[in-house]
Amino acid sequence: MDAWQIVLLTLAEGHFLPVHPFQDFNDRSLAREIDSAFAKCSLQAMKKYCRRFFGLILALAPLHTAPAAELLYVPLVLDGLVLTYDISRLNAVDVRNSEQTFISSNIIGPNGIAFDPSGNVYVSNGASNSISKFDSTGNFLSTIGSSVTLADPAGLAVDSQGNLYAANFGVSAGVSSTIAKFNPAGAFVGAISNNVNRPFGVLVDATDNLYVGNWFTNNISKFDSSGTFQTTLGDSNNIDGPMGLAKDSGGNLFVANLNNIPIGSNVTKFDPAGLFAGYVGESANLTNPSALAIDSAGNLYVSSGISNTARISKFDSLGALQFSWTIPSVPNTMAIAIPEPSTAVLVLLGAGALLAYCRRR
């Protein structure tokens with residue numbers, strides 16, 4: 001459990017006054033902690049606040065801790081592994097120092113990876129037509145879907161409500177060329193099939209719009225949060241074999257083009273309006289780019305290559321290559337895991353209750 005502290009929020013002053021830290025609590029211990037907190041705040045200034053009652057609210061807030069590491073997750077299809085790289089420690093000299101094995105079991109031919117708002121990790125198993133769910137530390141939790149709802153599932157995405165979307169890239173009657181949707185409990189709740197053609201990459205943006213990369217038609221379909229088709233981005237003039245998708249904080253969409261013809265191996269960029277805005281990686285010797293991820297600083301990571309020549313390349317927010325490193329297998333997708341911030345304040349006592357408490361003391 002996170003360490004918490006009792007704080008007094010002074011509405012008139014507009015700031016927090018931390019008064020007493022503690023690790024755990026129940027109903028009785030909380031009462032003792034509250035008493036202890038007020039005992040520590042029995043300064044004349046705090047008594048003045050209680051008497052005049054500017055609006056004190058007793059609350060719980062997380063103690064400040066060091067931010068969690070930002071990690072790059074890389075599924076290795078042939079090895080049945082998921083590696084992580086600590087982005088803060090990544091450099092051109094010693095990449096392996098930041099590399100860790102995150103998952104090594106309960107996945108078969110992982111093609112995609114996604115994260116829900118609670119930090120749980122989802123990995124698509126192309127070889128078993130299923131999705132494995134893990135907690136934030138890599139412990140296996142459950143299996144989602146089957147050959148009835150999934151066919152060689154590839155890219156995954158999760159919306160703000162915890163609904164999971166899986167791109168069915170494989171060929172199977174009634175399942176092919178669909179985006180399967182599962183609710184937060186893992187139950188299948190339907191599929192999107194219109195304007196979807198052999199999808200591989202999927203992406204959900206900050207407003208829960210869904211983007212689908214259509215392999216056969218070389219374009220991107222956009223749907224709103226209800227699954228209603230909105231528009232199409234790109235065509236064969238600027239997309240060739242769309243795989244991984246990524247979107248930066250500015251609303252620019254990036255598409256990994258696996259094929260070499262006609263536009264060559266690179267990454268296509270579309271501006272927030274959906275208009276073609278050029279390529280990334282044209283001079284970086286990218287070979288068959290398959291997956292994309294963007295970190296909190298706006299750096300773009302591109303997995304490319306085949307077999308033992310597979311590598312990941314890092315580009316800055318302006319599209320300049322920073323460095324590349326090789327990996328031991330074929331990474332068909334990757335994602336950036338950014339821990340969600342803790343809830344700012346959990347109110348325990350309303351103003352009236354606290355006023356009575358102040359008077360009683």
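**Sheets and aromatic contacts in a predicted model**

User: What makes the four strands E23-E24-E25-E26 an open sheet, and how is the pairing directed?

Analyst: Strands E23, E24, E25 and E26 follow one another in that order in an open sheet, with antiparallel pairing. Its edges are strand E23 (291-294) and strand E26 (321-326), each of which pairs on one side only. Strands here are DSSP runs of E with at least two residues, numbered from the N terminus, and two of them pair if DSSP finds at least two bridges between them. The model is predicted: local features need pLDDT of at least 70 and side-chain atom pairs count only at pLDDT 80 or more, while totals for chains, interfaces and linings use all residues. Residues are numbered from 1 along each chain as its sequence is written, and side-chain values use heavy atoms, leaving out hydrogens and water.

User: How do you know that strand E25 and E26 pair?

Analyst: Strand E25 (residues 311-315) and E26 are joined in the antiparallel sense over five bridges, against a requirement of at least two. Within this sheet, Lys-314 stands opposite Phe-323 in E26.

User: What makes E7 and strand E8 a pair?

Analyst: Five bridges join E7 to strand E8 (residues 121-125), and the two run antiparallel. Pro-110 stands opposite Asn-125 in E8. These strands belong to an open antiparallel sheet in the order E7-E8-E9-E10, whose edge strands are E7 (110-115) and E10 (140-144).

User: Why is the pair of Tyr-85 and Trp-325 called tilted?

Analyst: Rings of Phe, Tyr and Trp (its six-membered ring) pair if their centres lie within 6.5 Å; planes under 30 degrees apart count as stacked, over 60 as edge-to-face and the rest as tilted. By this rule there are eleven aromatic pairs. The ring centres of Tyr-85 and Trp-325 are 5.3 Å apart and their planes stand at 55 degrees, so the pair is tilted. Tyr-85 lies in strand E5 (residues 81-86) and Trp-325 in strand E26, so the contact ties together parts that are 240 residues apart in sequence.

User: Why do Tyr-85 and Trp-325 count as buried?

Analyst: Buried means under 20% relative accessible area (exposed is over 50%, partly exposed in between; 1.4 Å probe, protein chains only). Tyr-85 has 0% relative accessibility and therefore counts as buried; Trp-325, at 4%, is buried too.

User: How do you know that the charged end of Arg-198 sits over the ring of Phe-169?

Analyst: The term applies if NZ of Lys or CZ of Arg is within 6 Å of the ring centre and within 35 degrees of the ring normal. The charged end of Arg-198 is 4.4 Å from the centre of the Phe-169 ring and sits over that ring.
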